[in-house]
Amino acid sequence: MKRLILLTLFAAGLPLSSHAAGPGETVIRFEEIGEKAGARFVHQTRKFKGAKSDVLEMFTSGGSAVAVADYDNDGFDDIFLVDSDEGASHHLLRNNGNMTFTEVTKTAGVGGGNDPLSICADALWFDYDNDGWQDLMIVRFGTPLLYHNERNGKFKDVSAGTGMTLFTNAIAAIAFDYDNDGDLDVMIGNYFKPVNLIELKTPHVLPNDLDNAINGGGVTFYENVGKGRFIDVTDKSGLGRQTGWTLDLGHGDFNNDGLQDVYVACDYGTDRIFFNEGKGVFRETTETSLGFDTKKGMNAEVGDYNNDGWMDVYVTNITDEYMKECNMLWHNNGDGTFTDVSKETGTCGTLWGWAAKFGDFDNDGWQDIFAVNGLRSAGKDNYIPVVVNMITTPGIDFTDVNNWPDIKDMTWSGYQKKKMFRNLGNQNFKEISGPAGVDNVLDGRGLALADFDRDGLLDMCQTNADQPSLLYRSVTQNPGNYVELKLVGTRSNRDAIGARVKLKADGKTMVREVNGGNGYAGQSTLMLHFGIGTATQVDAVEIRWPSGKIQTVSVPINRLTRIVESK
């Protein structure tokens with residue numbers, strides 16, 4: 001395994017393509033700098049004991065997550081990397097402002113959570129008390145942890161007093177203001193049903209159906225009621241009926257009514273969509289909006305890929321040697337329905353998909369896509385024929401972990417090259433992974449985008465299961481001009497999550513929303529990034545704040561502008 005890691009890291013760090021950009025030609029390129037930047041750490045999945053330990057380890061190997069935020073308010077985004085094995089510490093990396101990072105986990109006091117009966121799986125930065133400083137939540141197979149930012153580089157564990165006491169096998173979390181009351185609420189996505197996998201009382205814990213499973217954990221929704229307290233409103237809000245195997249959550253204003261709606265990506269069965277009706281209630285419209293599917297939803301990323309003013313959704317599924325599912329790029333039709341255009345746009349196949357993000361990597365005004373993939377890279381023997389034999393055995397009980405064949409040192413959909421798609425601006429994308437220098441073959445999980453060095457280009461942090469993290473610095477040649485915005489709410493939540501910005505430049509009208517953690521196992525920057533191509537000025541900027549306030553502003557190009565919600 002050590003040799004494998006060294007080989008794959010070498011592949012990830014190969015010199016960039018020798019193709020030189022012609023006069024005025026834009027070439028998207030990245031340089032992997034994790035080691036020299038001080039941002040390379042090896043994730044560890046939880047190790048189980050006893051029979052079928054390797055099967056349980058495989059089903060819980062999704063916890064390699066990354067969350068980005070400026071926790072110390074110095075103007076540069078920092079990185080938090082999640083670890084998952086018993087006793088393993090996470091990694092809080094403070095951005096030094098020169099594309100290097102210093103680990104400050106121990107001083108900050110945020111390394112814990114992997115206790116003997118809990119498994120850390122995701123992290124989320126959000127300012128739950130609106131004091132202007134990012135707090136940190138860690139969700140677990142267990143109960144969540146909440147750390148309050150003490151403003152001095154240290155955090156205080158306030159979990160005991162939050163009211164978030166439900167035991168869940170949580171794999172995802174997002175924060176947004178569902179009732180627009182000015183503070184951030186929290187939605188948690190649960191994979192397994194709420195049984196402790198470490199002290200297993202029954203072997204019947206795996207999906208009851210590989211296409212239509214209904215024995216998963218669903219979601220948990222906590223409303224922020226102030227003073228650091230949250231209450232469970234899952235049933236009251238209309239979200240409590242589902243029992244899918246939730247892998248990711250995404251939120252956005254899908255019908256442009258000023259309220260945040262929710263997309264739930266589920267493994268082993270249909271994804272679901274919920275529209276926010278206001279007054280604290282969501283209405284499920286899966287059947288009419290999407291139709292029911294039997295795919296393996298892994299990612300819920302929200303963005304307007306075609307600049308039509310409506311928020312679309314990108315979901316990764318599994319398209320490899322056995323399952324030919326295809327991803328879903330849900331084009332928002334503007335009438336409450338969505339059409340999958342992944343095949344038509346060339347974004348269908350990303351192999352065994354995990355995280356994927358929209359981002360304008362060349363600043364041309366069109367959002368591109370980067371997707372990570374790969375389940376398990378190990379020995380030369382292939383686990384797929386073995387598991388297919390089990391799946392096709394008549395009368396097999398899929399829920400019983402004892403019925404799943406041992407994995408041992410076999411590879412299962414491993415050594416897969418990552419996928420980057422350049423948005424051509426004509427409803428088509430072109431794969432550019434190799435020339436861009438991002439086609440590594442690690443077992444990807446999480447992904448976060450941020451302009452870590454404030455040069456106007458989006459960089460990326462990729463996490464990998466049982467393998468080192470990667471940090472990609474953009475060295476794109478001849479990029480377009482850009483605008484970066486940092487929004488600060490006053491009547492709205494301080495993070496301005498849910499704020500919508502409409503920017504006109506270069507003959508395009510672009511829409512971005514501030515989101516609170518969309519995309520599998522990866523929270524990107526709260527900063528909004530717009531590429532504006534060859535434009536030398538911005539024609540108009542309109543902000544719709546979560547409070548309902550509409551604000552028009554003028555902003556310069558090629559710099560970050562801080563905008564405070566007007567009173």
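Which residues in the largest nonpolar core touch the most other members? Select Trp-404, Met-420 and Met-460: out of 73 residues in that core, these are the ones. Keep in mind as you look around that this is a predicted model.

Leaving aside residues up to four places away in sequence, Trp-404 touches Lys-52, Val-55 and Phe-59, then Leu-206 and Leu-210, then Tyr-383, Val-387 and Met-390, and finally Phe-398 and Trp-412. Apart from this core lies another one, of 53 residues; to find it, pick Val-139, Val-501, Val-514 and Leu-526, which are among its members.

Next stop: the cysteines. The structure holds 1 disulfide, and you'll see it if you select Cys-326 and Cys-348, whose sulfur atoms sit 2.1 Å apart. Cys-326 is in the loop between β19 (312-315) and β20 (328-332), while Cys-348 is in the loop between α6 (342-345) and β22, so the bond ties together parts 22 residues apart in sequence. Both ends count as buried: Cys-326 has a relative accessible area of 5%, and Cys-348 comes in at 18%.

Now try Cys-120, which is in no disulfide; the nearest cysteine sulfur belongs to Cys-461, 17 Å away. Cys-120 is buried too, at 0% relative accessible area. Cys-266 counts as buried, with 1% relative accessibility.

From there, go to strand β22 (residues 353-359) and click Ala-355. Is Ala-355 buried or exposed? Buried, because its relative accessibility is 0%. Beyond residues up to four places away in sequence, its contacts are Asn-299, the run Phe-370, Ala-371 and Val-372, another run of Arg-445, Gly-446 and Leu-447, and Tyr-520. For a distance check, draw a line from the C-alpha of Ala-355 to that of Asp-320: they are 16 Å apart in space and 35 residues apart in sequence.

The strands run antiparallel, and 4 bridges join β34 (residues 540-544) to β35. Glu-542 stands opposite Thr-552 in β35. Finally, colour β35 (residues 550-553) by face: Gln-551 and Val-553 make up the covered face, Ile-550 and Thr-552 the uncovered one.

Technical notes: Residues numbered from 1 in each chain as written. Predicted model: local features only at pLDDT ≥ 70, side-chain atom pairs only at ≥ 80, totals over all residues. Heavy atoms only, no water. Core = buried A, V, L, I, M, F, W, Y, C linked by side-chain atoms within 4.5 Å. Buried < 20%, exposed > 50% of the residue type's maximum accessible area, 1.4 Å probe, protein only. Contact = heavy atoms within 4.5 Å. Helix = DSSP H or I, 4+ residues; strand = E, 2+ residues; numbered from the N terminus. Pairing = 2+ DSSP bridges. Disulfide = S-S within 2.5 Å.
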